[in-house]
Amino acid sequence: MSSVCHWLRWKGLRLYARMVRERKPPEFIAKGWALGIFVGCAVPFGFQLVVSVPLSFFLKCSKVGAVVGTFITNPLTIFFIYPVQAWLADRLFFGGNLSFTRLAETEWTFEAVMALGAETLKAFLVGGLLNALVLAPLTYFGVRKLVQLNRIRQAARKPRRRRA
């Protein structure tokens, strides 16, 4: 188990380093990451990069953040995130007819989601939008703060030049 924790820590540190090393304003970087998270939640798996990359050019934000942020939904996490977002949206907006067990057992391929029917597809899309509307602002402010703090630490480490 410790090797899994070590691997996760290593991946987290690499992701952090990739985020803070980008030489753009913190707002530019944060906007890209928030866009990636938004698209990763709101757009079905498989179409996310096709949406996030052009949007990052149009919105003038971090392309790295826009791409990496979409990986919030990946082949490992969709089996948790997608059922929860569909079930929650169904409960909040559509009367709560969907079974969480049935959603959790779904393959979450495009074909499988289409086979579940319009009710599930509607809950899935609304749940993704709801998830995106919550996580994107949190990501923006969190990433902006991390980049700002990193830059303050980097500036404090640089030796000060003496005037002659």
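pLDDT is the predictor's confidence in each residue, on a scale from 0 to 100. Keep that in mind, as this is a predicted model.

So, confidence. The chain averages a pLDDT of 83. At least 70 is the score for 85% of the residues. Where is confidence lowest, and where is it highest? Lowest is helix 1, residues 2–20, with a mean of 65. Highest is helix 2, residues 26–42, at 93.

Now the fold. We have eight helices and zero strands. Read from the N terminus, the order is α-α-α-α-α-α-α-α. Take the contacts between residues at least 6 apart in sequence: 70% of them join residues at least 24 apart.

Next, the surface. The chain has 164 residues, and 34% of them are buried. Its accessible surface is about 10,700 Å². Carbon and sulfur atoms account for 67% of that surface.

Let me finish on one residue, T73. Find it in the loop between helix 4 (63–69) and helix 5 (78–93). Is T73 buried or exposed? Its relative accessible area is 1%. The cut-off for buried is under 20%, so T73 counts as buried.

What does T73 touch, once neighbours within four places in sequence are set aside? The list is G40, F45, Q48, I78, I81 and Y82. Look at Q48 in particular. The side chains of T73 and Q48 make a polar contact, at 2.7 Å.

To recap T73: a loop residue, buried at 1%, with a side-chain polar contact to Q48.

Conventions: Residues numbered from 1 in each chain as written. Predicted model: local features only at pLDDT ≥ 70, side-chain atom pairs only at ≥ 80, totals over all residues. Heavy atoms only, no water. Helix = DSSP H or I, 4+ residues; strand = E, 2+ residues; numbered from the N terminus. Buried < 20%, exposed > 50% of the residue type's maximum accessible area, 1.4 Å probe, protein only. Polar contact = N/O pair within 3.5 Å; in protein donor to acceptor, adjacent residues only side chain to side chain. Contact = heavy atoms within 4.5 Å. Areas by Shrake-Rupley, 256 points an atom, 1.4 Å probe, with all protein chains shown as cover.
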